[in-house]
Amino acid sequence: MANIIFYFTGTGNSLKIARMVSNKIGNCEIFSIGSNQGITINKEYESIGFIYPVYYWGVPKCVKDFISSMTITNNEKTYVYAIASYGGFKGDGIKILNKLMLDNGIKLNYGKTIRLFSNYIINFNVPNDIKKRLDKCDKKLESIIDSIQHKKTNSTGKPNGIVGKFYNKFIETVSQQDKYFNINSDCIGCGVCKEVCPVNNIEIVSNKPEFQHHCEQCLACLQFCPKHAINYNDKTQGKK
Ligand SMILES: Cc1cc2nc3c(=O)[nH]c(=O)nc-3n(C[C@H](O)[C@H](O)[C@H](O)COP(=O)(O)O)c2cc1C
Ligand code: SF4
Ligand code: SF4
């Protein structure tokens, strides 16, 4: 029977994980969550995976909306798992997903977080030991994939109230956060930012990006711009 992975990525960490899991378990399609909502899964799967980054101690808004609006039928025996990558504080990255799933009648069999490094250069700097962290991640991922292949289960528990408040504030304001992006004169209008945006939040108008206010704050546009022309509220200019 086939497997499927739904992933969300801004800067590629979660996509790397999704590809590694998919290659290892085999017969597995991977599907970008992006702006998709309200999907119905009728086909019976061996396993369904969700792979995404931790955002504000919880899950990205588009992942939240995707889970809350999806319907899964004919999959009572399907093994459902989640993997969330994070930079330094995982918060309730899996617990919040579990709660969203329970509210929508979906049972999460297994959930794990995996530490990588923070791409959130609005508040942090990219660490120097990325290579070491990637190697560590690969090792941990091997044991997570082994657990998935053996259909292991774990209990994720309930989200914490304080974490929930912090997270809900993020969800309320994130779409509009793109108003703080500014574009400097190095922009060459190449459109890379538009291409990498996972939720089609960028239009190129008169050779400059214009943000459409349904941003996920994933920072892909800022991180992948070949001219380092995108800056967030004058906090990120010149950062690695
Ligand atoms: C908006 C935003 C919020 C984040 N919040 C957290 C967080 O609460 N805890 C944490 O450890 N890392 C946080 N991070 C870092 C990411 O979870 C981490 O870098 C992840 O591996 C990025 O995955 P991606 O490359 O698939 O986008 C955040 C990153 C972004 C862009
Ligand atoms: S990727 Fe950078 S240089 Fe290219 S259009 Fe976007 S902002 Fe301009
Ligand atoms: S506009 Fe930039 S930060 Fe916002 S979702 Fe698109 S790529 Fe991510």
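Helices (H or I, at least four residues) and strands (E, at least two) are DSSP runs, numbered from the N terminus. This is a predicted model, in which local features need pLDDT of at least 70, side-chain atom pairs count only at pLDDT 80 or more, and totals for chains, interfaces and linings use all residues. Residues are numbered from 1 along each chain as its sequence is written, chains are lettered from A and ligands numbered from 1 in the order in which they are written, and side-chain values use heavy atoms, with hydrogens and water left out.

Helix α4 covers residues 130-149, and S147 lies in it. S147 has a relative accessible area of 11%, so it is buried; the term buried means under 20% relative accessible area, exposed means over 50%, and partly exposed is in between (1.4 Å probe, protein chains only). Apart from neighbours within four places in sequence, S147 is in contact with Y79, Y110 and K152, where contact means heavy atoms within 4.5 Å.

D138 is also in helix α4. Its relative accessible area is 23%, so D138 counts as partly exposed. Not counting residues up to four places away in sequence, D138 touches K16 and M20. The C-alpha atoms of D138 and C218 are separated by 22 Å, and the two residues are 80 apart along the chain.

The next subject is ligand 1. It is surrounded by 22 residues, and the closest of them are T9, T11, S14, F89 and F117; a residue is counted here if one of its heavy atoms lies within 4 Å of the molecule. The space that ligand 1 takes is the largest pocket. A pocket is found on a 1 Å grid over the protein atoms alone, as an open set of points where a 1.4 Å probe fits, with protein on both sides within 12 Å along at least five of seven lines. A molecule sits in a pocket if more than half of its atoms lie within 2 Å of its grid points. Two elements give two or more residues to the shell around ligand 1, namely α1 (13-25) and β6 (79-86).

Which backbone atoms lie 2.8 Å from an oxygen atom of ligand 1? One is a backbone N or O atom of G10, and another is a polar backbone atom of N13. For N119, a backbone N or O atom lies 3.0 Å from an oxygen atom of ligand 1. Taken alone, ligand 1 exposes 650 Å², and the protein buries 96% of that; accessible areas come from the Shrake-Rupley method with a 1.4 Å probe.

N13 belongs to helix α1. N13 is buried because its relative accessible area is 13%. Leaving aside neighbours within four places in sequence, N13 is in contact with S85, L116 and F117. N13 and S47 are 34 residues apart in sequence, and their C-alpha atoms are 21 Å apart in space.

Beyond residues up to four places away in sequence, N3 touches several others, including I25, C28, Y45 and S47.

Helix α2 spans residues 61-69, and C62, V63, D65, F66 and I67 are buried in it.

The remaining residues are in loops. Most residues other than glycine have a negative phi. N200 is not a glycine, yet it has a positive phi of about 50 degrees. It is found in the loop between α6 (192-196) and β9 (202-205), and with a relative accessible area of 54% N200 is exposed. H213, not a glycine either, has a positive phi of about 65 degrees. The loop that holds H213 runs between β10 (208-211) and α7 (220-224), and H213 counts as partly exposed at 38% relative accessibility.

S185 is in the loop between β8 (181-183) and α6. Is S185 buried or exposed? At 71% relative accessibility, S185 counts as exposed. S185 and K208 are 23 residues apart in sequence and 9.8 Å apart in space, C-alpha to C-alpha.

Key: A polar contact is a pair of N or O atoms within 3.5 Å; within protein, one must be able to donate a hydrogen and the other to accept it, and residues adjacent in sequence count only if both atoms are side-chain atoms. On a 1 Å grid over the protein atoms alone, a cavity is a set of points where a 1.4 Å probe fits but cannot get out, and a pocket is an open set with protein on both sides within 12 Å along at least five of seven lines; lining residues have an atom within 4 Å of a point.
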